[in-house]
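Hi everyone, thanks for coming. I'd like to walk you through a structure that may be new to you, so please have a look at it with me.

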There are 2 protein chains.
Amino acid sequence: MMPLPDRWLSSFLVRADGQLTLFDCGEGTRIAWREVRWSFRRLGAICISHTHADHIAGLPGLLHAIANAGRIEPLDIFGPVGTAYVVNGLRTIAPVLPFAVRVTELRGGEQFALPGELSGNCVAGKHALPVLAYRVERSRQPAFLAERARELTIPVHLWSTLQSGECVTWEDGSAMPAQVLGEPRQGLAVAYVTDTRPLAQIVAFVAGVDLLVCEGTYGNDEDEAKALRNSHMTFREAARLARDARVGRLWITHFSPALEAPAQFAESARAVFAETTIGLDGLTDRLTFSAE
Amino acid sequence: MMPLPDRWLSSFLVRADGQLTLFDCGEGTRIAWREVRWSFRRLGAICISHTHADHIAGLPGLLHAIANAGRIEPLDIFGPVGTAYVVNGLRTIAPVLPFAVRVTELRGGEQFALPGELSGNCVAGKHALPVLAYRVERSRQPAFLAERARELTIPVHLWSTLQSGECVTWEDGSAMPAQVLGEPRQGLAVAYVTDTRPLAQIVAFVAGVDLLVCEGTYGNDEDEAKALRNSHMTFREAARLARDARVGRLWITHFSPALEAPAQFAESARAVFAETTIGLDGLTDRLTFSAE
């Protein structure tokens with residue numbers, strides 16, 4: 001929550017099919033990003049949790065970086081009410097860009113498309129000004145039952161059409177996808193939650209995600225009153241959220257500047273939710289569909 | 001001119017009597033600043049060369065840092081025409097501060113007061129949009145001629161009043177400062193010049209400064225045509241400016257991102273002006289009045 005020489009501000013970058021979505025963009029995000037070596041040009045959307053400076057001040061610099069990288073395709077910015085006003089203000093120093101910037105203000109409950117065939121959802125949190133938590137999903141097609149397709153004597157060159165959900169006809173017959181597709185399969189989901197209390201609606205909203213990136217402004221349990229007062233969370237509260245929502249894994253981020261060694265408090269989170277990682281700079285992982 | 005993981009954007013911090021003036025404030029300046037350990041609270045003025053993002057995008061974050069440090073005294077921002085518009089835009093994410101922010105737009109030629117008894121001057125440069133070069137001076141009082149004061153039987157407790165430039169009277173007589181002060185003495189001067197060509201008026205403007213902080217976007221002499229086209233300078237052009245203006249020392253800064261190892265081209269500057277230093281992150285020096 002404060003940029004330090006050895007710790008960047010929190011942000012979260014999601015890549016799917018080579019396309020990127022960024023969550024939050026505080027001062028220095030474009031600098032930290034360079035360590036990852038993913039092209040700025042591939043950034044198709046930015047989801048802003050709220051318009052406090054530590055979550056958006058890096059926007060104009062990032063817009064210039066994207067322009068320098070050669071992007072000409074539109075860029076979507078999603079955020080709570082008030083985002084357009086702030087983006088317009090910050091664009092006084094990025095007025096001319098080779099790509100369109102489209103701002104969509106959300107109130108929570110909307111569903112919207114994100115780059116790389118991802119689906120975005122949001123819910124309102126509780127903070128000093130409007131804040132959104134985000135959930136991103138990648139759906140998975142049902143398995144294609146090749147044996148059934150052979151029984152039905154469907155020509156092989158039509159299988160991919162069926163798999164993509166369309167009906168087919170051929171000389172000797174016709175078939176519908178439902179005849180050759182298996183049960184629905186679980187996709188992948190991640191969530192990004194910061195600068196809010198762990199409200200009941202947020203527990204429900206992030207239920208079952210594979211990865212929850214969640215703020216933990218305070219490490220020490222004794223700061224729970226402060227977390228309540230400032231609409232933040234302690235590590236233990238973030239872990240309770242992860243446990244109650246039955247998520248796969250938890251990454252804790254967004255540390256108070258007073259929290260010099262976050263790892264020191266990892267155990268208070270792991271006591272509640274074992275699969276907790278302290279989200280230090282550059283933490284990266286790859287999520288893949290299960291083998292089934 | 002581009003923030004990199006191992007190289008911050010150019011800015012220049014001047015301290016006098018514990019009071020601070022900052023020149024330019026690109027993205028990350030508040031982070032780099034922390035390495036210096038001078039209090040944000042002491043920042044009384046920011047001089048912006050021009051409103052390109054790499055020279056001002058860090059302003060909102062810095063304003064928050066100053067507020068967190070407890071400043072309540074006003075902060076002055078000086079810059080070329082257009083600065084107020086940009087400051088207003090950037091302040092959409094720093095709308096409420098415990099101190100007043102006063103913006104003064106300059107066209108070149110004005111003189112203005114800076115913190116720590118410094119005097120500021122500016123001159124217009126040449127770039128894609130209005131740009132100012134700055135010169136800062138600290139004047140020096142003439143020596144106090146104690147022997148003359150004794151001859152004139154001036155009571156010792158009145159000496160400091162005379163030294164500060166006021167007349168004094170006592171039982172047996174009166175005296176004027178001119179009677180006990182020596183010749184005018186040279187003060188100290190520094191200049192900050194970036195994002196402009198080395199125009200004749202800039203040579204005149206920075207003449208004789210003790211320290212010239214000047215841009216050198218390109219190290220290689222072969223990039224002189226590019227420097228001309230983009231209104232920047234090569235190292236050698238910056239050195240010529242330093243030589244022609246007979247400055248004390250030159251610090252070169254504001255490197256192109258393509259210039260990965262600026263020190264590699266230091267010799268092309270030193271061949272023209274020996275007292276050249278490549279201005280890497282954190283370069284610091286102390287200027288003091290001469291012994292006379």
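Let's start with helix α3 of chain B, residues 83-90, where Thr83(B), Val86(B), Val87(B), Gly89(B) and Leu90(B) are buried. By buried I mean that 20 or more other C-beta atoms lie within 10 Å of the residue's own; with 12 or fewer a residue is exposed, in between it is partly exposed, and the C-beta atoms are placed from the backbone. Looking down the axis of α3(B), the buried residues fall within an arc of 160 degrees, so they line one face of the helix. That arc is taken over the directions from the helix axis to the C-beta atoms.

A word on where this comes from: it is a predicted model, in which local features need pLDDT of at least 70 and side-chain atom pairs count only at pLDDT 80 or more, while totals for chains, interfaces and linings use all residues. Residues are numbered from 1 along each chain as its sequence is written, and chains are lettered from A and ligands numbered from 1 in the order in which they are written. Helices (H or I, at least four residues) and strands (E, at least two) are DSSP runs, numbered from the N terminus.

So what covers the buried residues of α3(B)? The cover includes α2 (59-68), β4 (75-80) and β5 (101-106) of chain B, together with α4 (83-90) of chain A.

That brings us to the contact between the chains, which takes 24 residues from chain B and 24 residues from chain A. Two residues are in contact if their C-beta atoms, placed from the backbone, lie within 7 Å. On the side of chain B that touches chain A, α1 (29-33), α2 and α3 each supply at least two residues, and α3(B) gives the most, with four.

How are the two chains related? A rotation of 180 degrees with 0.0 Å of shift along its axis superposes chain B on chain A, with an RMSD of 0.1 Å. That is the relation of a two-fold axis. The superposition is by least squares on the C-alpha atoms of residues with pLDDT of at least 70 in both copies. The same surface serves both copies, as 100% of the contact residues of chain B recur in chain A.

Over in chain A, please find helix α3, residues 59-68. Eight of its 10 residues are buried, so α3(A) is largely enclosed by the rest of the structure. Among the buried ones are Leu62(A), Leu63(A) and His64(A). They pack against α1 (29-33), β3 (43-47), α2 (53-56), β4 (75-80) and α4 of chain A. After α3(A) comes Gly70(A), with a positive phi near 95 degrees.

Back in chain B, there is an open sheet of seven strands with mixed pairing, in the order β6-β7-β8-β11-β12-β13-β14. Its edge strands are β6 (111-114) and β14 (276-278), each pairing on one side only. Strands pair if DSSP finds at least two bridges between them. Inside the sheet, β12 (211-215) and β13 (249-253) of chain B pair in the parallel sense over five bridges, and Leu212(B) has Leu250(B) in β13(B) as its bridge partner.

Last stop: Ala266(B), in helix α10 (266-270) of chain B. Buried or partly exposed? With 18 C-beta neighbours inside 10 Å, Ala266(B) counts as partly exposed. Leaving aside neighbours within four places in sequence, Ala266(B) is in contact with Thr276(B) and Ile278(B).
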